[in-house]
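Thanks for coming. Please have a look at it first.

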Amino acid sequence: KEAREVLDKMKLSKSESYGYNRYLDSLHVKASEAMSLKSEEEFKIKEAFARNAIIKGYSNQIIADFTGLNFDYIETLRKEL
């Protein structure tokens with residue numbers, strides 16, 4: 001199956017090959033954008049959790065252990081509140 005796919009790609013004309021490679025590039029960009037959005041969303045959730053934990057009186061170390069956020073960043077959040 002893989003050999004057939006390679007052979008099919010080798011049979012493409014230059015313009016078809018260029019179009020196919022552009023298509024693959026666009027798929028990579030979309031996947032990268034999706035991963036970035038997911039990471040950003042996860043960070044915002046962790047930050048919200050940290051803010052709530054600070055309000056409830058948890059220590060920076062406990063919050064860091066649960067969220068994986070940097071200890072100094074948690075301290076910055078604490079000062080903002």
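Leaving aside its neighbours within four places in sequence, which residues is glutamate 47 in contact with? Glutamate 47 touches Leu69, Tyr73 and Leu77, where contact means heavy atoms within 4.5 Å.

Before going on, a word on the source. This is a predicted model, in which local features need pLDDT of at least 70 and side-chain atom pairs count only at pLDDT 80 or more, while totals for chains, interfaces and linings use all residues. Residues are numbered from 1 along each chain as its sequence is written, and side-chain values use heavy atoms, with hydrogens and water left out.

Back to glutamate 47. It is found in helix H2; helices are DSSP runs of H or I with at least four residues, strands are runs of E with at least two, and both are numbered from the N terminus. Glutamate 47 is buried, at a relative accessible area of 17%. The scale is this: buried means under 20% relative accessible area, exposed means over 50%, and partly exposed is in between, with a 1.4 Å probe and protein chains only. From glutamate 47 to isoleucine 63, 16 residues along the chain, the C-alpha atoms are separated by 9.9 Å.

For comparison, take another pair with its own spacing. Serine 17 has its place in helix H2 and is partly exposed, at 25%. Serine 17 and glutamate 33 are 16 residues apart in sequence, and C-alpha to C-alpha they are 24 Å apart in space.

Now the chain as a whole. How many helices and strands does the secondary structure come to? There are 4 helices and 0 strands, and the pattern along the sequence reads α-α-α-α. The C-alpha trace spans about 65 × 25 × 15 Å along its principal axes. The radius of gyration of the protein chain is 23 Å, whereas a compact globule of 81 residues would have one near 12 Å. That radius is taken over C-alpha atoms, and the globule rule is 2.2 Å times the number of residues to the power 0.38.

Of the 81 residues, 14% are buried. The protein chain exposes about 6900 Å², with carbon and sulfur atoms supplying 56% of it; accessible areas come from the Shrake-Rupley method with a 1.4 Å probe, and for residues only the protein chains shown count as cover. Among contacts between residues at least 6 apart in sequence, 31% join residues at least 24 apart.

Next, the specific pairs. A search of the whole structure finds 1 aromatic pair. Phenylalanine 43 and tyrosine 73 make up this pair, which is tilted, at 5.6 Å centre to centre and 50° between the planes. Rings of Phe, Tyr and Trp (its six-membered ring) pair if their centres lie within 6.5 Å; planes under 30 degrees apart count as stacked, over 60 as edge-to-face and the rest as tilted. Phenylalanine 43 lies in helix H2 (residues 14-55) and tyrosine 73 in helix H4 (residues 71-80), so the pair ties together parts that are 30 residues apart in sequence. Phenylalanine 43 is partly exposed, at 37%, and tyrosine 73 is partly exposed too, at 29%.

There are also 2 salt bridges in the structure, each being a side-chain nitrogen of Lys or Arg within 4 Å of a carboxyl oxygen of Asp or Glu. One joins the side chains of lysine 44 and glutamate 40, at 3.4 Å from N to O. Both residues lie in helix H2, 4 residues apart, about one turn of the helix.

Glutamate 80 and arginine 51 form a salt bridge through their side chains, at 3.2 Å from N to O. Here glutamate 80 lies in helix H4 and arginine 51 in helix H2, so this pair ties together parts that are 29 residues apart in sequence. Glutamate 80 counts as exposed, at 53%, and arginine 51 as partly exposed, at 25%.

Last, helix H3. Is asparagine 60 buried or exposed? Asparagine 60, which lies in helix H3, is buried, with a relative accessible area of 7%. Not counting residues up to four places away in sequence, asparagine 60 touches Phe71, Ile74, Glu75 and Arg78. The C-alpha atoms of asparagine 60 and glutamate 75 are separated by 6.8 Å.

Phenylalanine 66 also lies in helix H3 (residues 60-67), and is exposed, at 64%.
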